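Reader: I would like to learn how to read the interface between two chains. Please take it feature by feature.

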Amino acid sequence: MTGWREASGSRQGGDSASAGTPLAVDRNPSMSTIRLGRVQPQAPGHRTVFCNDREANYLAKYKGNAVSTTKYNVATFLPKGLYEQFRRVANLYFLTISCLSFTPVSPVSPITNVIPLSLVLFVSLVKEAFEDWKRLQNDMTINNSSVEILQEQRWESLPWKKLQVGDVVRVRQDGFFPADLLLLASTNPDGVCYTETANLDGETNLKIRKALEKTWDYVTPEKASEFKGEIHCEQPNNSLYTFTGNLILQKQTLPLGPNHILLRGCSLRNTEYIVGTVIFTGHETKVMMNAMNVPSKRSTLERKLDKVIATLFGVLLSMCLIGAIGSAVFVSNKYHYLELWINGDSQQFNPNNRFVVFVLSIFTLITLYSPIIPISLYVSIEMIKFIQSTKFINNDLRMYHSETNTPALARTSNLNEELGQVEYIFSDKTGTLTRNLMEFFKCSISGETYGTGVTEIEIGAAKRNGVDVKEVQKPSHAVREKGFNFDDARLMHGAWRNEPNPEMCKEFFRCLAICHTVLPEGEESPEKLRYQAASPDEAALVTAAKNFGFFFYRRTPTMIYVRESHVEKMGKVQDAAYEILNILEFNSTRKRQSVVCRYGDGRLVLYCKGADTVIYERLASGSEELKKISREQLEQYGEAGLRTLCLAYRDLSPEIYESWNEKFIQAKSSLRDRERKLDEVAELIEKDLTLIGCTAIEDKLQEGVPSCIETLSRAGIKIWVLTGDKLETAINIAYACKLINNDMKQFVISSETDEIRDVENRVSNFLASVLFIGIIQTIQSQVKLFFQGDQVEIAQFIRETVKNDLHKYHEEAQSIIHGSSGQKLSLLIDGKCLMYALDPSLRSTLLSLSLSCSSVVCCRVSPLQKAQVTRLVRKGANKITLSIGDGANDVGMIQAAHVGVGISGLEGMQAVMASDFAIAQFRFLTDLLLVHGRWSYLRLCKVVSYFFYKNLTFTLTQFWYTFHTGYSGQRFYDDWFQSLYNVIFTALPVIIVGLLDKDVSASLSKKYPQLYKEGIDNAYFNWKVVGTLACFSVYQSIIVYNFAVASSTTGLTSAGRMLGLWDISTAAFTCLVITVNLRLLMMCNTVTRWHSISVGGSILAWFIFIFIYAVVFVNKGTYYTIYVLMGTAYFYLMIVLVPIVALLCDFLYQGVQRWFYPRDYQIVQEIHRHEPEAIGAGLLAVGNQLTPEEERRYAFALLPRERSKHTGFAFDSPGYESFFATQQGVTTPQKPWDVIRRASMRQKTKSPRASQS
Amino acid sequence: MEQKNKNSKKPSYSRFSQQELPAWKPILTPGWVIASFLTIGALFIPIGLVALSASDTVVEIIDRYDEDCVPDAYSKNPESFIQDPDIKKTCVRSLRVPKKMVAPIFVYYQLENFYQNHRRFVKSRSDKQLRDPEAKNDTYNCFPEARTADNKPIVPCGLIAWSLFNDTYKLSTRGKPITIDKKGIAWKSDTKVKFGSNVYPKDFQKGGLIGGAKLDEKVPLSEQEDLIVWMRTAALPNFRKLYGKIDIDLEAHETVKAEVENNYNTYKFGGRKKLVLSTTTWIGGKNDFLGVAYITVGGLCLFMAINFILLYVFRPRRLGDPSYLSWNRLPIA
């Protein structure tokens, strides 16, 4: 951020005193300085905007607000579109061939190559046009959405595209900003408004923007029309978090910063309306300048295909070479009837210059054999994939999530088959595996546990143990709201008063209601008020307090107001005010948060909540029994996958507090190391605590996650969890998802080990020993922040440790793998160690170790590291990777992986925008990979190999003929046969197979996930497959060619007439078309009506074509051939014999293969051969069968318990770090502070935002 | 930005989009394999036998005469013999009839190592000119036999017509000449459409080089059946062309005297010339290929079927045995 600060400083010249940071404005509104005189920004690149003055701005010729994301317009469509098409090598190749076929060396007429090429181009261009048309429509909708623009003292509703720089606009609540605006005024007091930037960076928490004090009044149209300011600001750029400029208003220069700017694409929240003036429009807005072209990914299969094509090209060249040598040898004057010694304009057959003959023959033969490269392959594949993604993936009811009304979305159609080959999945945790929906689930007060819910994890565990626990319908009277999923009559509605320890309950609820940094918003009633919290955990806890009857409804910087029920007697409601004396912030080192408050009656209490380890260390001695019971309960909660927190309090005497508070104030006002000093001081008072109890919050796993992960791992897919969370939380979730279990050998590489701490201590003890004797027992956990030890030494030590660990674990892993125990391995590594492990010298060891593990958990990793890990596996191991995530912090990894999947859920759209596929729920991965991915892979392999086969066969028949024509390059088939072979006679069936073929049904694909392994191993499209196919191709072409020409030796009718070249080639072509079409049927696993129609239709199309063609074109050799042929018995015997002989080998191969080396899918087909495929199965809503709660409890009680030593931890604020911010080197402010700051700003607010509907 | 869409985004159900189209799911079980092989065998062998026996009834006499018809004096240099217009080219061959040949008997000439399918040769013709008297100047493709030295279009132009075969045969038996009927030796489609009844040869064989047969300028092309037959270019360098037909039966062991006018120069490129007399049946001339192919394939299929039956007996595989699944086959530690 310093970068632009300096820039703004220098721009404002010597006036450095006022060059305060524009950011500071909202922290301290009075800092908006007033400067006299006009100061022109000196930088060459700046723009001046005259507000509310269209004429003045007209001179500057700013771009309009209309945006166009289309690739083409009417004029550029053809040239640009064609250029795009010819960037493909295959198309360029055919263009060259087409050009060659216009020269006299060509044995074929130009139409042979021009027609298929133009058809292919036509189809591609139509597709491009269609897509561009959709973009255009999208643009038009956006450009035509209306905005209120100030015109003649009135708000006029005009379309966005009419908006110009300098216009004053009004945007209402929940509306989108039409351009980058300077905020002038807001209906909220203090000129504040809230924006949601989810469209920009995926962050869902609201951002505050604040208008300059000078402009607060321009709310009404009458007033706003008086506004005549002049804005000097930077030129449009793509940096979302910076803005520098000045507003010159009434001859005063006011500095502008990013906090005054409302960006296009964001929406207005919690504010009735705002008034702003337009600074950047259309393509110059920050969001548009950020709209990067997502790098288009190509699938591995396609890249493999390129190699095959290259091989084919090699084959083509060698065929040409053979032919050309033959031709050069053959040409001779002895063939007097050819008159080769007479040369016209071509030296093609000049026997006296055999080298020229050789060279020209190469060109001749290339044009002749060009169909060996299947021209329609790419366009067919594109078409197939397009339909697969738009019709199948997008429409799959199994992947439709009805709660959020989200169907699956394939954002690219390039990668369908890549989904069938994924071997590594990199998953984000929060929001992906879990719902990021924290719910208060259970609690324990004074050793008594409350809450009756069963977590999904427990259900999952139960299912694995064979006990079927159905999801239970909550009793209708149970309170259920966002953040609160708790049901126990003993605590609700004041019933806690009858519990053994009501005083503790009261403390428990008060602690929840007071000790937090949550901000209430909206009307002060329990139903309408909403809590704004830095982390959903906090909100859940406060919501819980509300439901227990301790309703926190107002906060000022010094006070917290709680409406308490049933405190003095049942049913009585009273408002209580607590003075907040100090807030000891949560941070990741402290792992706790405390509040010192004063009751109305003067009682001084410190409430503290935090991770169990931290709290237990600070408890007063005594009541060991309670501690033990609570610890057991914590462990139980942990097993159930809940995030636990301990609550404690300490009564303070005024003396102790006063003396401490002095130190606290000192620390707070210190300029250096403030954070560290605050932490130290906090230690002094957070001790001798009394345990109240603990809370258990469920970060609910998304529905079906454990079973999905289990299915995927059975499919041979390895799942890595990359999370910003702490090690413990990550491990917990990993356990919960059954990524890790206690039978696994775990390798933990953590920076939080005793050895590393020791080093950190050793380095710092030297400094620390004198000062902090009293708190020596807490040093271990505090060290990292307390002492800025010798970082170099620490780094070296960690590096050594990581290196040793890696090598040790690697050896261990190798011995386990080669051993017979069959133990599975797992690796847990934290971000800090990962940083060292990703060092080039250790990278290969890390890779090899992690590849031998069946699950890997990386915690505390930054978005960049996520991407690095993904790339490590992608490049290093050359495996196909898939990244799945939901937040902006996953964008890097989503783009780094072969396939990026975004969860279109709650956390904004950033991940989805960067992804290739978007699904609503993690569990839909099963369908996406095992069903769609597998089928797509299978189908495309078939399509590709079939294309390869049919064109090779066709060309080879031509090649064999070359040997019998004196290598002259005489074509065997008529031009039109050759050009229509690819685009009509064999085109449609293969597309049908590419769309409809399926080996086993969707439900079986999921029932036998192991079938997926064939995709991972690429069993359907490798050199062996291609080679086998090539052999069959050679065989079939020999059969077709030789059987056809065998008919030329004698007359074939009783009239003794002989057949000519074109008769025979027509017969051969007929046999070929029948053969290759039947061959396709033999490849099918399923034969639908469409298969028969397309295969039959293709053969029929050939006959119809030749019947007409043979009559219409009198001047061609093919005139009447088919009728001549049909007059012979020979022809009918041939079209039966040839296809059968040609396909006999394939048939035998398939029979033997199935009998002796059956593939898995074939066995599965056989197992289920008698079952009719359930139509519509699995699409009906599942799980609406209700089981009585008793039954469930009983079933649950029967479960064998799986012990785990892990307890849950809470208080992870989800990894909200902005990906863009970190890329820009900008750090976003700490969230808790943000909230508190907001509180202090909003103290006067009685906002009119009650109408939240 | 159009989030306000109140309609559900739930995809509508269709069997196509849910990929549940009704389908036949064939499984290539051993039963199917055996049955298919048996069926093919059972069908093909009879067809093959019928075809072969049909081919067997055909009587064919082949006589190669190009070498024998060169006088011994020229045997070292047959080209000088064939190119010398003053030497008499007549040569008498006697053919023995092996079996009774029932009329119609077809007379063919067979050329070998003659590349009628050479690219230069195939394209050197003008179909338009052959059909349409107006198009006599359409000699674009006819290089190098397109025009005479004084640039008059040759009708019919091109190498194919120019190289028209010009050996002639006269047959006689027991001293009686046998009439060779030259009508109807070409395909109807050629005589009716492709060769015009009002197109007459013009300036034919008047180019610089001496070609093959000459044509009667009074006879329209559609009646020049030798030319029509010749111009239906053969697919392979060894080919047969119909010369005419005989309408009398030839008895077994009879000797047919063939008087060959040996004009056509195949000596330069080492080609061979043969005279063929053959009867036909419903599958045409003597062609064992089809019958043999059918019988071989049928036999192979039967053989395969037997093998598969034996395999089925000795190494059966239970259909749908889960133990064959790869993950069940792997040893589980």
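Reader: How many residue pairs are in polar contact between chain A and chain B?

Author: A polar contact is a pair of N or O atoms within 3.5 Å; within protein, one must be able to donate a hydrogen and the other to accept it, and residues adjacent in sequence count only if both atoms are side-chain atoms. Between chain A and chain B there are 33 such residue pairs, both residues at pLDDT 80 or more. This is a predicted model, where local features need pLDDT of at least 70, side-chain atom pairs count only at pLDDT 80 or more, and totals for chains, interfaces and linings use all residues. Residues are numbered from 1 along each chain as its sequence is written, chains are lettered from A and ligands numbered from 1 in the order in which they are written, and side-chain values use heavy atoms, with hydrogens and water left out.

Reader: What is the count of salt bridges between chain A and chain B?

Author: A salt bridge is a side-chain nitrogen of Lys or Arg within 4 Å of a carboxyl oxygen of Asp or Glu. The two chains have three. One of them pairs A:R398 with B:E20, with 3.4 Å between the closest N and O atoms.

Reader: What is the area buried between chain A and chain B?

Author: Interface size is often given as the accessible area lost when the parts come together. Buried area here is that loss (1.4 Å probe), summed over both parts. The value is about 9900 Å², 65% of it from carbon and sulfur atoms. A:Y337, A:R1057 and A:W1155 supply 10% of the area that chain A buries against chain B, more than any other three residues.

Note on methods: Buried area is the accessible area (1.4 Å probe) that two parts lose on being put together, summed over both.
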